[in-house]
Amino acid sequence: MSQGPRSGLAAVSSALLAMSRHLEVRDVLKTIVASARELLDAQYAALGVPDDHGGFAQFVVDGVSDAQWKAIGPLPRQHGILAAMLHEATPERLADVRKDPRFEGWPSAHPDLIDFLGLPIRDGDEVIGALFLANKNCEKPEGGCGFTEEDEELLSILAQHAAIALTNARLYERSRELTIAEERSRLAHELHDAVSQKLFSLRLTAQAAAALVDRDPSRAKGELHQVALLAAEAADELRAAVVELRPAALDEDGLTATLRTQIQVLDRAHSARVTFAARNFRALPAAQEEAMLRVAQEALHNALRHSGAEHVDVTLDRCGSGAVLRVTDDGSGFDPKAIRRAGRHLGLVSMRDRTNGVGGTLTVQSAPGKGTTIEMEVPGG
């Protein structure tokens, strides 16, 4: 670290403390990117969150002025080194990114990037983003990269915090879009119990690291390793809170009424027409009803956020002693095989796991330009 331990550890502390100050993911990502650039003394830094269509849902940069960013043009696509980090899930440390065989060029207004350090951001087995820096401000070894193994280790700590920020943001968006007031109240209670103590410990540990910078840098580095462990535990607890949360409305009103209420909210909130019909449906055991609600929510999220659909139809039908849920949209559709190869799942893995967990079957019918139908069949009790 060319600027010494004070600036480096202060930058890490700033990124960690930002986790407890912001709700909006973009604010957190901007803090992480700026802190990474300062920590590793690089000229440029960026963090990209991929979408499911070969581009990026969010792309945050530091070191580029607003005028430069506007001149560069549209957000980058998932190609070259960025695609390698997302699809192969491996770090990249290069002496000259322009000489890499995967390099595919950039717009004329784009600044020249030379030495390069990039890391995938992982949530379990899924790659949910890429964090990278370029042009380290230091004397470069002849034919070598300015970024070191220590730089890569420090950047990996920030990548873990980026994963927490994205997990938290997904949870926050779901609470706004797919729940009613009672659900939000229950969600806040669950999050407080599951996560608040862990985040409190993380914040105290980060403050301790900052306080030790002057008198004991070695101990300060040890505190940062503890921060990384706490960050991983907090991410696990956030995921558990999302998975285990059972909506209060489902207990009180049952599946049909809960789905109808949520779909009415979505119909008002989105430009697409969202409809619901239930035919001869009979109440199912609690586990089956919760699984069907979660699959419906995931399918609706995909249709409304990613497909560009004008109509989304949800039906719930009786099938023997069980039931069949269908979510059909007239959106852009996709090739399920291509989605799996690209490592992006549109929530399909989660939907299949929930369906299998209650002894049901899930069918996905889609093709580019043909819309999508998600069908879930479950047995009765």
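## Ground rules

Residues are counted from 1 along each chain as its sequence is written. Because the model is predicted, local features need pLDDT of at least 70 and side-chain atom pairs count only at pLDDT 80 or more, while totals for chains, interfaces and linings use all residues, and side-chain values rest on heavy atoms, with hydrogens and water left out.

## The chain at a glance

Let's start with the inventory: the chain has eleven helices and ten strands. Both are DSSP runs numbered from the N terminus, with helices being H or I over at least four residues and strands being E over at least two.

Of the 381 residues, 48% are buried. Here buried means under 20% relative accessible area, exposed means over 50%, and partly exposed is in between, using a 1.4 Å probe and protein chains only. The accessible surface comes to about 17,900 Å², and carbon and sulfur atoms account for 49% of that. Those areas come from the Shrake-Rupley method with a 1.4 Å probe; for residues, only the protein chains shown count as cover. As for contacts (heavy atoms within 4.5 Å), take the ones between residues at least 6 apart in sequence: 65% of them join residues at least 24 apart.

Follow the strands in the order β6-β7-β8-β10-β9 and you have an open sheet of five, with mixed pairing. Strands pair if DSSP finds at least two bridges between them. β6 (273-279) and β9 (361-366) are the edge strands with a single partner each, so one side of each has no neighbour in the sheet. On average, neighbouring strands here are turned by 10° against each other, direction ignored.

Zoom in on β7 (residues 311-319) and β8 (residues 322-329): they run antiparallel and are joined by eight bridges. In this part of the sheet, Arg318 sits opposite Ala323 of β8.

Two helices lie across these strands. Helix α9 (residues 286-306) lies across β6, β7, β8, β9 and β10 (372-378), at about 5° to β8. Helix α11 (residues 348-357) lies across β9 and β10, at about 150° to β9. Angles run from 0 to 180 degrees between N-to-C directions, with axes fitted to C-alpha atoms, for helices over the stretch in contact.

The largest nonpolar core has 35 residues, and Leu259, Met292, Leu325 and Met376 have the most contacts inside it. Such a core is a set of buried Ala, Val, Leu, Ile, Met, Phe, Trp, Tyr and Cys residues joined through side-chain atoms within 4.5 Å. Two or more residues come from each of α8 (248-269), β6, α9, β7, β8, α11, β9 and β10. The largest share, nine residues, belongs to α9.

Leu325 is a handy place to look around. Setting aside neighbours within four places in sequence, Leu325 has contacts that include Leu259, Met292, Val295, Val314, Ile374 and Met376. There is also a second, separate core of 30 residues, with Val60, Leu117, Ala159 and Ala162 among them.

## Around helix α4 and strand β4

Helix α4 (residues 80-88) is mostly covered, with seven of its nine residues buried. Those are Gly80, Ile81, Leu82, Ala83, Ala84, Met85 and Leu86. They pack against β1 (42-50), β2 (56-62), β3 (92-94), β4 (116-123) and β5 (126-136).

β4 pairs with β3 in the antiparallel sense over three bridges, with Glu92 opposite Gly118. β4 also runs antiparallel to β5, joined by eight bridges, and there Arg122 has Val127 as its bridge partner. The hairpin of β4 and β5 has two residues between the strands, and Gly124 takes a positive phi near 65°.

## Aromatic rings

The structure holds five aromatic pairs. Rings of Phe, Tyr and Trp (its six-membered ring) pair if their centres lie within 6.5 Å; planes under 30 degrees apart are stacked, over 60 edge-to-face, and the rest tilted. Phe56 and Phe59 have ring centres 5.3 Å apart and planes at 70°, so this pair is edge-to-face. Both Phe56 and Phe59 are buried.

Phe116 and Phe132 also have centres 5.3 Å apart, but with planes at 25°, so they are stacked. Phe116 is in β4 and Phe132 in β5, so the pair ties together parts 16 residues apart in sequence. Phe116 counts as buried at 4% relative accessibility, and Phe132 is buried at 11%. Ring pairs link Phe56, Phe59, Trp69, Phe116 and Phe132 into a cluster.
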